[in-house]
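Here's a quick briefing for anyone opening this structure for the first time.

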Amino acid sequence: MERLIEILQELKPDVTFTKDTKLVEDKIFDSLGMISLVAELSDEFDIEISPMDIVPENFETVEALYEMIERLADED
């Protein structure tokens with residue numbers, strides 16, 4: 001979780017992230033930001049985030065994002 005929050009803060013340094021931060025609802029990331037985020041997460045955690053994984057439920061909060069990362073890492 002700590003590394004995920006570091007990545008989020010690198011992409012959006014003006015936001016204070018917690019596990020409950022609402023990424024979609026609060027419009028922290030726009031569509032271009034989401035593409036950057038997906039690329040960063042894929043590289044950092046060595047996971048493949050497919051288009052089927054890019055749904056609001058997986059990106060709603062930092063906690064949901066972390067759960068997706070763990071799930072995808074377990075699939076490898």
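Start where two helices touch: Leu4, Ile5 and Leu8 in α1 meet Val62, Leu65, Tyr66 and Ile69 in α4, where contact means heavy atoms within 4.5 Å. By class, this contact of α1 with α4 has seven nonpolar, no polar and no charged residues. For those classes, Ala, Val, Leu, Ile, Met, Phe, Trp, Tyr, Cys and Pro count as nonpolar, Asp, Glu, Lys and Arg as charged, and the others, Gly among them, as polar.

Keep in mind that this is a predicted model, in which local features need pLDDT of at least 70, side-chain atom pairs count only at pLDDT 80 or more, and totals for chains, interfaces and linings use all residues. Residues are numbered from 1 along each chain as its sequence is written, and side-chain values use heavy atoms, with hydrogens and water left out.

**α1 and α4**
- Helix α1 covers residues 2-11 and helix α4 residues 62-75; helices here are DSSP runs (H or I, at least four residues), numbered from the N terminus.
- Their axes come within 10 Å and cross at roughly 120°, with axes being lines fitted to C-alpha atoms over the stretch in contact and angles running from 0 to 180 degrees between N-to-C directions.
- That makes α1 oblique to α4 (under 35 degrees is roughly parallel, over 145 roughly antiparallel, 65 to 115 roughly perpendicular, and the rest oblique).

**α1 and α2**
- Helix α2 (residues 31-45) packs with α1 at an angle of about 145°, and their axes are 11 Å apart.
- On the α1 side you'll find Arg3, Leu4, Ile7, Leu8 and Leu11, which meet Ser36, Leu37, Glu40, Leu41, Glu44 and Phe45 in α2.
- The residues of that contact divide into seven nonpolar, one polar and three charged.

**Asparagine 58**
- Asparagine 58 sits in helix α3 (residues 56-59).
- Its relative accessible area is 15%, so asparagine 58 is buried (buried means under 20%, exposed over 50%, partly exposed in between, with a 1.4 Å probe and protein chains only).
- The side chain of asparagine 58 reaches the backbone oxygen of aspartate 53 at 2.7 Å.
- Leaving aside neighbours within four places in sequence, asparagine 58 also has Ala64, Leu65, Met68 and Arg71 among its contacts.

**Two loop residues with positive phi**
- Lysine 27, in the loop between α1 and α2, has phi near 55° and counts as exposed at 69% relative accessibility.
- Aspartate 46, in the loop between α2 and α3, has phi near 50° and is exposed, with a relative accessible area of 64%.

Conventions: A polar contact is a pair of N or O atoms within 3.5 Å; within protein, one must be able to donate a hydrogen and the other to accept it, and residues adjacent in sequence count only if both atoms are side-chain atoms.
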